[in-house]
Amino acid sequence: MYNEKTFSSKLKVFMIFGFVPLFAFITVIVIPFLIGIFMTFTNWNGSSSSFDFMGLSNYTAAFSDPVFWTSMWTTLKYVLITLVLTNVVAFALALLVTSGLKGQNFFRAGFFTPNLIGGIILGFVWQFIFSRVMTYAGTQLDWGFLSASWLGDPDKALWALIVVGVWQNAGYMMLIYVAGLGGISDSLLEAASLDGAKFWRQLFSVKIPLMVPAFTISLFLTLQRSFMVYDTNLSLTKGGPFRSTELIAMHVYNEAFVYQNFGPGQAKAFILFAVVAFIAIMQVSMMKKVEVEA
Amino acid sequence: MLKRTFSMTMMVILMVSVLAACGGGNNAEGNANTGGAKTEISVLVGKQEISKQFEEMVKEYNGSQDKVKVSLIPTAGQNGYERITTLYASNNAPNIMHFLSEFGVMKDKLADLSDQEWVKNANSGTLDYVTEDGKVYGMPMSIEAFGFLYNKSVLDKAVGGSFDPATIKTQDDLKALFDKIKASGVSAFHISPVDWSLGAHFTNVFMANEAPDHADRVKYLEDLKSGSVDLAADKVFNGWLDTFDLMKEYNSAKDSPLAAQYDDAPILLADGEVGMWFMGNWAYTQIKEIDPDGEYGFLPVPVSNNAEDFGNSKISVGVPEYWTVDASQSTPEEQQASKDFLNWMVSSEKGQDYYVNQFGFLPAYSNFTTKPSDPVSQSVLSYTDAEQTLEWMNSYYPPEAFPAMAASMQKYLAGETDRAGLTKEIQAYWNQAK
């Protein structure tokens, strides 16, 4: 334990432990973020050496763009569905791999694996599955809903994105739930079963209430990951068909770099930041209130 | 105590070296060109299809002389323009890069290439897009053409004899041909519903058909933006949609048009399962792998029933990208070396060989002794030699024009909107375009 008296020795300790991360944080997060906000008030195009101040016109352009709102709405739908599905699946998997099943460590590793595959590759793999494997199966077995590629239909394409997103993230969230389940003291469960509580009763009255901290983290992570998803979106649907699955991160990127509307694109990025930050803070603070002490 | 002092010293050294690395880049660059050292220039190549062959060519060039060393900057998964902006922002601009629609924003940074050898060899019209106040700022990379790409053996069978592309001049001719192909037992047509093909290439057909004169076409685009064009009453636009209806009707993927994969299309065409495909000469590299001996060619896209109408006998030919040299962050020596490299690429025997035979490019220059020999290039050359070409008006589109129009056309293709809806959406896009 350090117990420094003088200012210089305190500074020394700070320089050793605090300065490097603080320096990194300020240079790669804080300063670019502030410059980013500053850029939303200019008409800088990303490469020219001069720019003019535009006031709030980039924000008005962003707010009055119908494609931005469609994209935001699609993203909200996507986030809501993946949020629920990912966590239900992850929790179910966590219960399964802690139930004393034979070879459960193998399953843990298996369910976690999708997380290790990069989003782009994963998207291409699933594109193959959706447009080849599933259509082949659909035509062979004469199942109408599989006979044409899901990626060609705007509603089904969104579901395709959801399936892939859930499949990719559920394993990671499962690990958090496994840790949460492991943290519940055996004596509580033993007491519950002595009192005659069966599986479901134990689940809802003991396990779930005690696992709220794990839910807080998992929901937060799923929320943030789903809002910011870009790689699978790009490789799986590229925003199509007719830009109907262009999720918000891709929309912002395209606006700035592909359509070269740097200012409005940057303004949209900042609006997105505000929305996600607001929702995430709301979610975490609400969940904190529900948490109970064991 | 000694240990603590040591670790503190290490810490400080580490930090100083990290900070020094941040600011050190420029000095090193400035010193590189003093003395007899080689001039180093960098090239940003965004075209994935040729990156491997380009690297080999650069190796060859570096070995052939000892004044200049060319190195490649990979795009590292970013799109070309984004990569360029980051490189410019870090004061590390590539000496040579290529682009098309970004030319407008970039032109004040580019070197004047008017005095270069290849300028006088460039095909007529290919330099218009990069000429400002009489100065040329870009070197055409290649020529690309698009239209109805057909498999001759399928069409021969359908018409019972040798198919002559000159027989198709009107929409009725086209429909009759479609029917014949269908009667011969294969699908007549295939549409790849990718956004650049529909939104940039296919829309080009009506934009380029609007007026025979370049200045009038550019004015038409301006009128479209200012809202003084009524697309619903536009004869060429409606004729063009009639052709689109025809394509839609005979599309081999009619049941789920948007699910069609681009990669399947060259296979369908090469296997003779469809007779025609709306695409360009770049697709031949894939077709060749399946059917190396087959004959392929281009048909124009007719947009009316009058064979004499402008455009009904022409295919769209243009320059997809221009090579440019940076003048804002490159030293005069680097600029000169860059110009020399570009010149070598299109005038030396080795460079031309790579250009035509390895990259599969159709050169935009009259001085090439190495000529492409494949049937698709031959077909394109027969149109350019006869001056039966349409301009690439899509080079003048704002960057978001083609995805916006493509989205509307995909909806139309999938039956999610009707002709009135499609017209309204395209009109609405242009009315708010800048």
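Predicted model: local features only at pLDDT ≥ 70, side-chain atom pairs only at ≥ 80, totals over all residues.
Trainee: Start with helix H15 of chain B. Which of its residues are buried?
Mentor: Val376(B), Ser377(B), Ser379(B), Val380(B) and Tyr383(B), in a helix that covers residues 375-385. Buried means under 20% relative accessible area, with a 1.4 Å probe and protein chains only. Helices are DSSP runs of H or I with at least four residues, strands are E runs of at least two, and both are numbered from the N terminus.

Trainee: How are they placed around the helix axis?
Mentor: They fall within an arc of 160 degrees, so they line one face of H15(B). The arc is taken from the directions from the helix axis to the C-beta atoms.

Trainee: And what do they pack against?
Mentor: E7, H12 (284-290), E10 (296-299), E11 and E13 (389-390), again in chain B. Contact here means heavy atoms within 4.5 Å.

Trainee: What caps the N-terminal end?
Mentor: Asp374(B), with a side-chain oxygen 3.2 Å from the backbone nitrogen of Val376(B). Just after the helix, Glu387(B) has a positive phi of about 55 degrees.

Trainee: Now Val319(B). Buried or exposed?
Mentor: Val319(B) is buried, because its relative accessibility is 6%. Its place is the loop between strands E11 (315-318) and E12 (322-325) of chain B.

Trainee: What does Val319(B) touch?
Mentor: Beyond the neighbours within four places in sequence, its contacts are Leu100(B), Thr126(B), Pro140(B), Met141(B), Ser142(B) and Trp392(B). Its C-alpha atom is 8.0 Å from that of Ala364(B), 45 residues apart along the chain.

Trainee: Over to chain A. Where is Thr135(A)?
Mentor: In helix H6, residues 119-141. Thr135(A) counts as buried because its relative accessibility is 13%.

Trainee: Which backbone oxygen lies 2.9 Å from a polar atom of its side chain, I mean of Thr135(A)?
Mentor: That of Arg132(A).

Trainee: And which residues does Thr135(A) touch?
Mentor: Phe130(A), Leu146(A), Ser147(A), Ala148(A) and Ser149(A), leaving out residues up to four places away in sequence.

Key:
Residues numbered from 1 in each chain as written. Chains lettered and ligands numbered in written order. Heavy atoms only, no water. Buried < 20%, exposed > 50% of the residue type's maximum accessible area, 1.4 Å probe, protein only. Polar contact = N/O pair within 3.5 Å; in protein donor to acceptor, adjacent residues only side chain to side chain.
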